[in-house]
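I opened this model to look up a few places in the chain and to note what I found. The entries follow in the order I made them.

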Amino acid sequence: MAIKAPLHSLTADAAASDMVVARRVLGTASEALALLADTLDGDFTRAVGVMLAAKGRIIVSGMGKSGHVARKTAATLSSTGTPAYFVHPAEASHGDMGAITRQDVLLLLSWGGETAELSDLITYAKRHRIPIIAIGANPDSTLIKAADVTLLLPRAPEACPMGLAPTTSTTMMLALGDALAVALMERKGFSADQYRDLHPGGSLGRALIRVCDLMHSGDDMPLARESAGMRDVLLTMVSGRVGCAGIVDETGALIGIVTDGDIRRHALDDLTGGIESRKAREVMTANPKVARPDQLAAEALALMTEKKITQLFVLAEGSHQPLGVLHIHDCLRAGLA
């Protein structure tokens with residue numbers, strides 16, 4: 001049986017004090033980011049150019065809190081189309097230097113620029129002519145002087161009341177890493193499809209699934225001519241296994257759809273010959289709702305839910321020629337519910 005932690009009552013003064021602290025920290029970070037944006041110059045563009053020209057990966061490194069930011073920056077770069085890898089500077093001195101090649105670019109993070117653990121990385125890069133991009137705040141530091149491209153951070157105060165704990169400084173580093181990743185994305189023309197390929201799992205991957213990824217096409221697409229008898233249409237529906245048949249004219253253009261609901265509505269129309277005596281054009285629902293192949297499957301699911309239908313035929317943009325058919329169960333199996 002779960003044991004609930006006791007609730008602690010807070011005085012109004014304590015609650016108000018906490019809010020003052022929170023707003024002070026966020027305000028300090030906001031001011032620092034605005035200052036960083038104002039001080040960016042051509043070095044940012046040069047950094048993007050160096051990273052874009054890399055034939056290998058972007059090797060990101062930093063120590064302490066800068067190291068945590070470096071890990072996140074490497075992950076963001078990799079997930080947005082720029083291969084990147086985090087190397088711990090201390091581990092690099094004990095063998096992980098072998099992960100770095102002459103085709104790579106080093107992105108080194110250090111607020112003060114005198115992090116001792118980065119020295120071996122700097123020496124290695126200089127020996128093998130590996131470009132160094134440095135993010136730091138001290139223009140006279142060893143790191144900044146050794147770098148090929150420098151991204152200087154403004155000397156904004158830390159939010160910590162003692163001015164010691166990395167807070168504002170790491171916020172600026174993190175934001176600058178994101179800015180580099182997004183700039184590279186846009187330079188490369190990184191698309192939603194490429195993003196989905198790198199995020200196949202979880203909600204991000206599901207959100208970017210397109211109709212063409214789930215639709216039934218080719219021989220799995222149940223189609224019948226408008227002049228076909230309903231007996232043949234029923235056989236087409238059974239073979240298609242999506243509970244419907246698309247009805248096409250003599251040019252192959254989609255003009256209607258026959259579903260289980262259409263059959264039920266017409267089952268007793270003719271008590272003598274029954275529905276089998278009718279033609280597809282007499283039973284079909286004309287001008288059915290359709291989807292496009294590059295449409296997000298989530299949008300198609302929303303349309304089916306709104307219109308209370310379970311199938312959508314898929315047409316190419318500007319065309320009435322069917323490319324496939326999407327069933328609501330295909331969306332549910334893909335986890336889009």
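Predicted model: local features only at pLDDT ≥ 70, side-chain atom pairs only at ≥ 80, totals over all residues.

**Entry 1: Gln311**

I looked up Gln311 and found it in strand E11 (residues 311–315). Residues are numbered from 1 along each chain as its sequence is written, and side-chain values use heavy atoms, with hydrogens and water left out.

Is Gln311 buried or exposed? I noted it as buried, because its relative accessibility is 8%. Buried means under 20% relative accessible area, exposed means over 50%, and partly exposed lies in between (1.4 Å probe, protein chains only).

I then checked the side chain of Gln311 for polar contacts, meaning pairs of N or O atoms within 3.5 Å; within protein, one must be able to donate a hydrogen and the other to accept it, and residues adjacent in sequence count only if both atoms are side-chain atoms. The side chain of Thr310 makes such a contact with the side chain of Gln311, at 3.0 Å. A polar atom of the Gln311 side chain also lies 3.2 Å from the backbone oxygen of Gly243. Leaving aside neighbours within four places in sequence, I listed the contacts of Gln311 (heavy atoms within 4.5 Å). Among them are Val242, Gly243, Cys244, Thr259 and His327.

**Entry 2: strand E4**

I turned to strand E4 (residues 132–136) and asked how many of its residues are buried. The count is 5 of the 5, so E4 is largely enclosed by the rest of the structure. Ile132, Ala134 and Gly136 point one way from E4, and Ile133 and Ile135 point the other way.

Next I looked for the partners of E4, taking two strands as paired if DSSP finds at least two bridges between them. E3 and E4 run parallel and are joined by 4 bridges. The chain passes from E3 through helix H5 (residues 119–127) to E4, a β-α-β crossover that is right-handed. Right-handed means that, with the strands pointing away from the viewer, the path from the first strand over the helix to the second runs clockwise. I found Leu108 opposite Ala134 in E4. E4 also pairs with strand E5 (residues 149–152) in the parallel sense, over 4 bridges. Here Gly136 stands opposite Leu152 in E5.

**Entry 3: Pro139**

I moved on to Pro139, in the loop between E4 and helix H6 (142–146). Pro139 counts as partly exposed because its relative accessibility is 44%. Its contacts, apart from neighbours within four places in sequence, are Ile144, Lys145 and Leu152. Pro139 and Leu152 are 13 residues apart in sequence, and their C-alpha atoms are 7.2 Å apart in space.

**Entry 4: an open sheet**

I traced an open sheet of 4 strands in the order E6-E7-E8-E9, with mixed pairing. Its edge strands are E6 (223–225) and E9 (285–286), each pairing on one side only. E6 pairs with strand E7 (residues 244–248) in the parallel sense over 3 bridges.

**Entry 5: the chain**

I counted 15 helices and 12 strands in the chain. Of its 337 residues, 43% are buried. The mean pLDDT (the predictor's confidence in each residue, from 0 to 100) is 89 for the chain. Confidence is lowest in helix H9 (residues 202–207), at a mean of 62, and highest in strand E3 (residues 105–109), at 98.
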